[in-house]
Amino acid sequence: MRRSRIIALLSDGSSLVNFPFRVHFRKGEGEVAISVPKRNFKRAVHRNLIRRRIREAYRTQKSFYPFTGNCDLLIVYIAKEILDYKVIESNVASFLQKIGGMASDKAD
């Protein structure tokens, strides 16, 4: 995702916190960016592990939520420890469901 698109997402988009994630979203082309702060995880190996887990959880869950094709997402991992894949997967499903509810409320 381009820097200009991320800036627009942060300034114009909506956000929600669903531990261990803070998610910024807005209507767009359906791009996804994942951020794992270096401040919390100094080793790149750990940041990459978390990023892979989030990416896989999103990939498996997005087909259940059709709005994801037209919604830009910025997923920020805010936990201080590495969580199991099952926990990440359930929380990704949870925030996708919340975003879907918010999107349908705005459409009505």
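A residue counts as buried with under 20% relative accessible area, as exposed with over 50%, and as partly exposed in between (1.4 Å probe, protein chains only). By this scale R59 is partly exposed, at 49% relative accessibility.

## Basis of the report

The structure is a predicted model, in which local features need pLDDT of at least 70 and side-chain atom pairs count only at pLDDT 80 or more, while totals for chains, interfaces and linings use all residues. Residues are numbered from 1 along each chain as its sequence is written, and side-chain values use heavy atoms, with hydrogens and water left out.

## Strands and their pairing

Helices (H or I, at least four residues) and strands (E, at least two) are DSSP runs, numbered from the N terminus. Two strands are said to pair if DSSP finds at least two bridges between them. Strand β1 (residues 14-18) and strand β2 (residues 21-27) run antiparallel and are joined by five bridges. Within this pairing, N18 has F21 of β2 as its bridge partner. The two strands form a hairpin, with two residues between them. P20 is placed in the loop between β1 and β2, and the peptide bond from F19 to P20 is cis, with omega near 15°.

Strand β2 also pairs with strand β4 (residues 71-77), in the antiparallel sense and over seven bridges. There, R22 has V76 of β4 as its bridge partner. In a regular strand the side chains alternate between the two faces of the sheet.

## Salt bridges

Side chains of opposite charge can pair when their charged atoms come close. A salt bridge is defined as a side-chain nitrogen of Lys or Arg within 4 Å of a carboxyl oxygen of Asp or Glu. The structure holds four salt bridges. One of them joins R5 to E29, with the closest N and O atoms 3.5 Å apart. Because R5 lies in helix α1 (residues 3-12) and E29 in the loop between β2 and β3, this pair ties together parts that are 24 residues apart in sequence. R5 is partly exposed, at 24% relative accessibility, whereas E29 is exposed, at 57%.

R5 also forms a salt bridge with E31, the closest N and O atoms again being 3.5 Å apart. This pair links distant parts of the chain, since E31 is in the loop between β2 and β3 and R5 is in helix α1, 26 residues away. E31 is partly exposed, with a relative accessible area of 26%.

A further salt bridge brings together the side chains of E56 and R59 (2.7 Å, N to O). These two residues are three residues apart in helix α2, so about one helical turn separates them. E56 is partly exposed, with a relative accessible area of 31%. Elsewhere, salt bridges that share partners join R5, E29, E31 and D72 into one network.

## A patch of positive charge

Patches are made of residues with over 30% relative accessible area and no salt bridge, in which like charges are joined within 9 Å and nonpolar side chains (Val, Leu, Ile, Met, Phe, Trp, Tyr) within 5 Å. On the surface, K38, R39, K42 and K80 gather in a patch of positive charge. K42 lies in the loop between β3 (32-35) and α2 (44-61), and counts as exposed at 60% relative accessibility.

Definitions and conventions: Accessible areas come from the Shrake-Rupley method with a 1.4 Å probe; for residues, only the protein chains shown count as cover. Lys and Arg count as positive and Asp and Glu as negative; His and the chain ends are not counted. The place of a charge is taken as NZ of Lys, CZ of Arg, CG of Asp or CD of Glu.
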